[in-house]
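Trainee: Hi, I'm new to this one. Could you walk me through it?

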Amino acid sequence: MGHVAGLSLLYAHLNRLIRRDDLDVLLLVGPGHGGPAILANVYLEGTYSELFPHIGEDTAGILRLFRQFSTPGGVPSHVGPTTPGSIHEGGELGYVLTHAFGAVFDNPALLAVAVVGDGEAETAPLEGSWKSIRFVNAARDGAVLPVLHLNGYKIAGPTVLGRASDDEVCSYLAGHGYAPHLVVGDDPMRVHRELAIALDASVVKIRSIQDAARTRGVRGTPRWPAIVLRTPKGWTGPKFVDGLPVEGTFRAHQVPLPAVTSDPTQLAALEAWLRSYEPERLFDAGGRLAPQLRALAPTGARRLGASAHANGGRRARLDVPAPDRYALEVAGPGVVRHESTRPFGALLRDTYRANPTTFRLFCPDETNSNRLGAVFEVENRCFQEPTLAIDDHVSAAGRVMEVLSEHCCQGWLEGYLLTGRHGLFATYEAFALIVASMATQHAKWLEVAAGLPWRAPVSSLNYLLTSTCWRNDHNGFSHQGPGFMDTVTSKKGAVVRVYLPPDANCLLSVAVHCLRSENYVNLIIIDKQPQLQWLDLASANAHCERGASIWPWAGTAPDEPPDIVLACAGDAPTLEILATAAWLRVHAPTMRVRVVNIVDLMKLFSPREHPHGMTEPAFVELFTRDTDVVFSFHGYAGAVHQLLHARTNAARFHVRGYKEEGSTTTPFDMVVRNETSRYHLAIDAIRRSRRPVPDAEALIAACLAMLARHASYIAEHFEDLPEIRDWAWSPA
Ligand SMILES: Cc1ncc(C[n+]2csc(CCOP(=O)(O)OP(=O)(O)O)c2C)c(N)n1
Ligand SMILES: [Mg+2]
């Protein structure tokens, strides 16, 4: 446990500062595998026993604390949701700074101390997140104090910054905008004194930056302090084990004496090491910490383990405007075209207005491109560097968080949410995959936290994925990838939801629901390009409430059992399915067609697997018991099969979705290449119809002829056929 001594020393010093200056401190531990240090300190300050009364402050309690550590049925070895005072798990390295910065935005009194491991500092997300300092406004945000812990090693090898000279490390941090304080050494008492000096100076510096900004209106980019703590890995632990050096080497990474249960020499070494702390001086005979040591810790909510910021913050409900004001007029289905994300942008603008210090939009520089630009009527892009007259809505006071790092967007939002605020991450669909792993970690956090009665709820992490695989006409193949949905759907039903609104009013309905929700990861996917609108707000609300429903106006012979069910989930699939239904109505008028639209993808799960899952009778009501279903899907077909596998006659579902056929091409050519076009779907429907379709072969030939016409037309004109481009729904 090579990092434990450094973490404990820091904890003790923070306690001193909190007590002296009544500071409001949140501690984030990047090397989360330093769990023992944090658990021990949270126990010693008394927080742990308050939350877990069976781990009392006595000998029996200490024994339970030890025995539950990293054992089956006990607590994990990492800092995490089970650790009081933490918003950061640190198991997957790289995100500690993003979380710390997210925590301090709009949190003026907070000081977030973020320990960065030197191994962690090699990760790409961490490397990118030093820049977060350029987004902190000293007047209205709190402060982050990074403590770069250079213990020289990661698991088995040396670290880049660990081997870099002091000068190089300081220049590196200075280049990022920090004023580093070096604390270097292996003599505990010396480091103890120097760390005290560095921390004191850092707090003074932070105060003076904040005072200047808050009382004198000083602007600009201050040099925020950072601490570089260079101490040996395994510091103060066993120096040699089995003749090999441990302290100061990579061998100190995990358990320094791994064979205590079988090797009496190691057991003796462990005993000697632990006795060197003189426990009889530290604890009384009943196992209670000596009062003079206990008095070193702060009391009540000032204890690091009891920080309200780390437990849902002081969360106030998000005031989300009612969607009615932003609704699109939709006189009839499939006639009006509109950019569906635009009305939602207006709703976000008013969400900013109604929640001026507790809501932020995070986005890698695409707010305008995603048609959410209405937010700039009330907010600016946040940026602390100098701005130019030609800049567009950029200001130090801005709250629209645009940074071209999906990792920073995600991490900042997580930190912001876990400390009790609200937000949305809008990003390109394909590039959401960059943070798939972070989303996974956050979902795990929520899942574990939900099982801890003392953990307060937090607002959901909401994603809006625009610029989808189906409409990246000029960006091409690199921008076409719906895989983030698969990442999300594979997580536990208790925490994840996926919504595929087919139009603007459904987006409003779904998004308002998501923004008001707690403890979920909500994924909303809809494209930003002009698209046909299907439902007025009242119908959209009713449809989204159900999550999936029959669109009776789109089908034929509603009172008869259908010959085929046409199902769709997603905006482009909805368009193609409705065009298929319209084509069949004209060309195969005897066919009885039912159209089902799915907004809430989780409805397809069995209720055993997801709380939104449809009951079997409800499922049969939509899809019948045995009629074939031609399913047009936004993402990879496998995702739907995975959801449906336990349903009645699952094999009758024929799913068509994105199958990695992409290019710089027209919107219709995208669906043609992936064989999800109206003509492909019509051929499927005709072939799978319950009752045979008259002239089936001629109809199929007509579909194939249309596909051939399409291919030659776009090669000649670089755009889709007029009857495709201008296609609109016409009532029967
Ligand atoms: C993203 C990621 N990759 C790999 C690992 C495996 N891992 C766990 S600890 C560790 C070394 C960490 O070194 P450092 O950040 O210097 O922490 P220290 O233990 O030295 O304080 C690694 C590579 C991980 N946890 N996360
Ligand atoms: Mg290290």
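Mentor: Happy to. Helices (H or I, at least four residues) and strands (E, at least two) are DSSP runs, numbered from the N terminus. The protein chain has 26 helices and 22 strands. This is a predicted model, where local features need pLDDT of at least 70 and side-chain atom pairs count only at pLDDT 80 or more, while totals for chains, interfaces and linings use all residues. Residues are numbered from 1 along each chain as its sequence is written, and chains are lettered from A and ligands numbered from 1 in the order in which they are written.

Trainee: How does the radius of gyration of the protein chain compare with the globule rule?

Mentor: The radius of gyration is 29 Å, close to the 27 Å that the globule rule gives for 732 residues, so the chain is as compact as a globular protein of that length. That radius is taken over C-alpha atoms, and the rule is 2.2 Å times the number of residues to the power 0.38. Along its principal axes the C-alpha trace spans about 95 × 65 × 40 Å.

Trainee: And what percentage of the residues count as buried?

Mentor: Of the 732 residues, 53% do. A residue is buried if 20 or more other C-beta atoms lie within 10 Å of its own, exposed if 12 or fewer, and partly exposed in between, with C-beta atoms placed from the backbone.

Trainee: Which residues have the most contacts inside the largest nonpolar core?

Mentor: They are A112, A114, I524 and L566, in a core of 209 residues. A nonpolar core is a set of buried Ala, Val, Leu, Ile, Met, Phe, Trp, Tyr and Cys residues joined through C-beta atoms within 7 Å. Contact between two residues likewise means C-beta atoms, placed from the backbone, within 7 Å. Leaving out residues up to four places away in sequence, L566 touches I577, T580, A581, V593, R594, V595, V630 and A685.

Trainee: Switching topic: what are the domains?

Mentor: The assignment gives domain 1 (4-310), domain 2 (323-532) and domain 3 (547-725). Such bounds come from an automatic or database domain assignment. The centres of domain 2 and domain 3, taken over C-alpha atoms, are separated by 28 Å. Their contact takes 29 residues from domain 2 and 32 residues from domain 3.

Trainee: Which elements of domain 2 supply at least two residues each to that side?

Mentor: Helix 17 (484-489), strand 15 (496-499), helix 18 (504-516) and strand 17 (530-532).

Trainee: What about helix 5, is it enclosed or open?

Mentor: Helix 5 (residues 96-104) is largely enclosed by the rest of the structure, because 9 of its 9 residues are buried. Those residues pack against strand 1 (24-29), strand 2 (110-117), helix 6 (124-129), strand 3 (143-150) and helix 14 (406-418). Just after helix 5, D106 takes a positive phi of about 55 degrees.

Trainee: Where does E278 lie?

Mentor: E278 sits in the loop between helix 10 (264-275) and helix 11 (279-282). Its phi is positive, about 55 degrees, although E278 is not a glycine. Most residues other than glycine have a negative phi. E278 counts as exposed, with 9 C-beta neighbours inside 10 Å.

Trainee: Last one: which residues are closest to ligand 1?

Mentor: H3, P31, G117, G119 and K154 are the closest of the 21 residues that surround ligand 1. A residue is near a molecule if its C-beta atom, placed from the backbone, lies within 6 Å of it.
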